[in-house]
Amino acid sequence: MRLSRIIGLLIRVPLYALYGAWALVVGSISLIGRARRGARLLSSSLPCPSCGAANTLHGRWKCRGCSAVYHGFVGHCPLCGAGASFFPCAKCSVSISLGRRP
Ligand SMILES: [Zn+2]
Ligand SMILES: [Zn+2]
């Protein structure tokens, strides 16, 4: 009875360790992805995927949700709180992704 409990524990411990390691890997990968997306938005400009022009993330924008014109960070309307997932290139109007959902 006691031996079988010990054996059962010995079988379960590596499984828990594996699960812990897996959870740690998945967690750190999603954290790195989130940090990367965040760091992308922390920079003051993003390059256009089409013409390569540097587009500033701070300036004068028109909200797609409430059509208010606001000044500041492109991804957040201070009037209605709507977020933007992309914005047009100032040079060629190609959409530049902000890497997140509105
Ligand atoms: Zn708005
Ligand atoms: Zn462009």
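**View 1. Ser93 in the loop between β5 and β6.** In this predicted model, in which local features need pLDDT of at least 70, side-chain atom pairs count only at pLDDT 80 or more, and totals for chains, interfaces and linings use all residues, Ser93 sits in the loop that runs between β5 (86–88) and β6 (95–97). Residues are numbered from 1 along each chain as its sequence is written, while chains are lettered from A and ligands numbered from 1 in the order in which they are written. Strands and helices are DSSP runs numbered from the N terminus, a strand being E over at least two residues and a helix H or I over at least four. Ser93 is exposed, because 11 other C-beta atoms lie within 10 Å; a residue counts as exposed at 12 or fewer such atoms, as buried at 20 or more, and as partly exposed in between, with C-beta atoms placed from the backbone. Between the C-alpha atoms of Ser93 and Cys51, which are 42 residues apart along the chain, the separation is 9.7 Å.

**View 2. The pairing of β3 with β4.** Strand β3 (residues 58–62) and strand β4 (residues 69–73) run antiparallel and are joined over five bridges, where pairing requires that DSSP finds at least two bridges between two strands. Within this pairing, Trp61 has Tyr70 of β4 as its bridge partner, and Lys62 is bridged to Val69 of β4. The hairpin has six residues between the strands, and there Ser67 takes a positive phi near 60°.

View 3. The number of buried residues in α1 is zero, so the helix lies largely in the open. Arg12 belongs to this helix and counts as exposed, because it has 10 C-beta neighbours inside 10 Å. From Arg12 to Arg2, 10 residues apart in sequence, the C-alpha to C-alpha distance is 15 Å.

**View 4. The two domains.** The domain assignment gives domain 1 (1–42) and domain 2 (44–102), with bounds that come from an automatic or database assignment. Taken over C-alpha atoms, the centres of domain 1 and domain 2 are 38 Å apart.
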